[in-house]
Amino acid sequence: MHDSFKSIRLLVLALGIFLSACHSQAQKTPHEDQLVLVLRFFPKDEHKEAFKNELHTLLDKLSRQDNFVSVTFHEEMDEAGTIVLYEVWKEKSKEVFMQKTNANPDFQKYQQKVKPMMAKPPEVRFLKPYRSL
């Protein structure tokens, strides 16, 4: 009987430590070292699929970088043909991120390829996460 009480106490202690760790993790400011980009692209109708292919190719390459976290591709429901990306990067500074991106040869090639495919320049928004649930 004594051994089973000891096992239960150890189990309760382990559970308490686990719950405490979960609680302290939840109290941190989330994603302090992350930068989020929301990009809207407006490809010409006749170039929409070619543009998507170029975009996918570029992000497949960029996703191998150490500072890449995730990207989600969207197509707007109310504006057919408008492509929206939600990108998350491990980067504190917008300026450092832009320097790295603009110096990347894959990004430079991509920009030259897709420029004639666009109806208008993309819209870019930088966001800094402050809370997540």
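A: Let's begin with a single side chain: Phe68 is buried, because its relative accessible area is 16%, and buried means under 20%, exposed over 50% and partly exposed in between (1.4 Å probe, protein chains only). Before going on, please note that this is a predicted model, in which local features need pLDDT of at least 70 and side-chain atom pairs count only at pLDDT 80 or more, while totals for chains, interfaces and linings use all residues. Residues are numbered from 1 along each chain as its sequence is written, and side-chain values use heavy atoms, with hydrogens and water left out.

Q: Thanks! How many helices and strands are there in the protein?
A: Helices (H or I, at least four residues) and strands (E, at least two) are DSSP runs, numbered from the N terminus. This protein has four helices and four strands, and along the sequence they follow the pattern α-β-α-β-β-α-α-β.

Q: What percentage of the protein's residues count as buried?
A: Of its 133 residues, 28% count as buried. Contacts give another overall view, with contact meaning heavy atoms within 4.5 Å. Among contacts between residues at least 6 apart in sequence, 76% join residues at least 24 apart.

Q: Back to Phe68, then. How should I read an aromatic pair?
A: A pair of aromatic rings is described by the distance of the centres and the angle of the planes. Rings of Phe, Tyr and Trp (its six-membered ring) pair if their centres lie within 6.5 Å; planes under 30 degrees apart count as stacked, over 60 as edge-to-face and the rest as tilted. Searching the whole structure gives five aromatic pairs. One of them joins Phe68 and Trp89, with 5.3 Å centre to centre and 80° between the planes, so this pair is edge-to-face.

Q: Which strands hold Phe68 and Trp89?
A: Phe68 is in strand β2 (residues 68–75) and Trp89 in strand β3 (residues 83–90), so the pair links distant parts of the chain, 21 residues apart. Trp89 is buried, because its relative accessibility is 1%.

Q: Which ring does the charged end of Lys120 sit over?
A: A charge sits over a ring if NZ of Lys or CZ of Arg is within 6 Å of the ring centre and within 35 degrees of the ring normal. Here the charged end of Lys120 sits over the ring of Phe42, at 4.3 Å from its centre.

Q: How do I describe two packed helices?
A: Two packed helices are described by the angle between their axes and the distance between the axes. Axes are lines fitted to C-alpha atoms, for helices over the stretch in contact, and angles run from 0 to 180 degrees between N-to-C directions. Angles under 35 degrees count as roughly parallel, over 145 as roughly antiparallel, 65 to 115 as roughly perpendicular and the rest as oblique. Take helix α2 (residues 48–62) and helix α4 (residues 105–114): their axes come within 10 Å and cross at roughly 175°. That angle is why α2 and α4 are roughly antiparallel to each other. On the α2 side the contact is made by Phe51, Glu54, Leu55, Leu58 and Lys61, and on the α4 side by Asp106, Phe107, Tyr110, Lys113 and Val114. By class, there are six nonpolar, no polar and four charged residues (Ala, Val, Leu, Ile, Met, Phe, Trp, Tyr, Cys and Pro count as nonpolar, Asp, Glu, Lys and Arg as charged, and the others, Gly among them, as polar).

Q: At roughly what angle do the axes of α3 and α4 cross?
A: The axes of helix α3 (residues 94–103) and α4 come within 5 Å and cross at roughly 70°; α3 and α4 are therefore roughly perpendicular to each other. Thr101, Asn102 and Ala103 in α3 meet Pro105, Phe107 and Gln108 in α4. This contact has three nonpolar, three polar and no charged residues.

Q: Is Lys52 buried or exposed?
A: Lys52, in helix α2, counts as buried, because its relative accessibility is 18%. Leaving aside neighbours within four places in sequence, Lys52 is in contact with Glu75 and Ile83.

Q: And what about Pro122: which strand does it lie in?
A: Pro122 lies in strand β4, which spans residues 118–127. Pro122 counts as partly exposed, because its relative accessibility is 40%. Its C-alpha atom is separated by 6.8 Å from that of Leu39, 83 residues apart along the chain. Apart from neighbours within four places in sequence, Pro122 is in contact with Arg40, Phe41 and Phe42.
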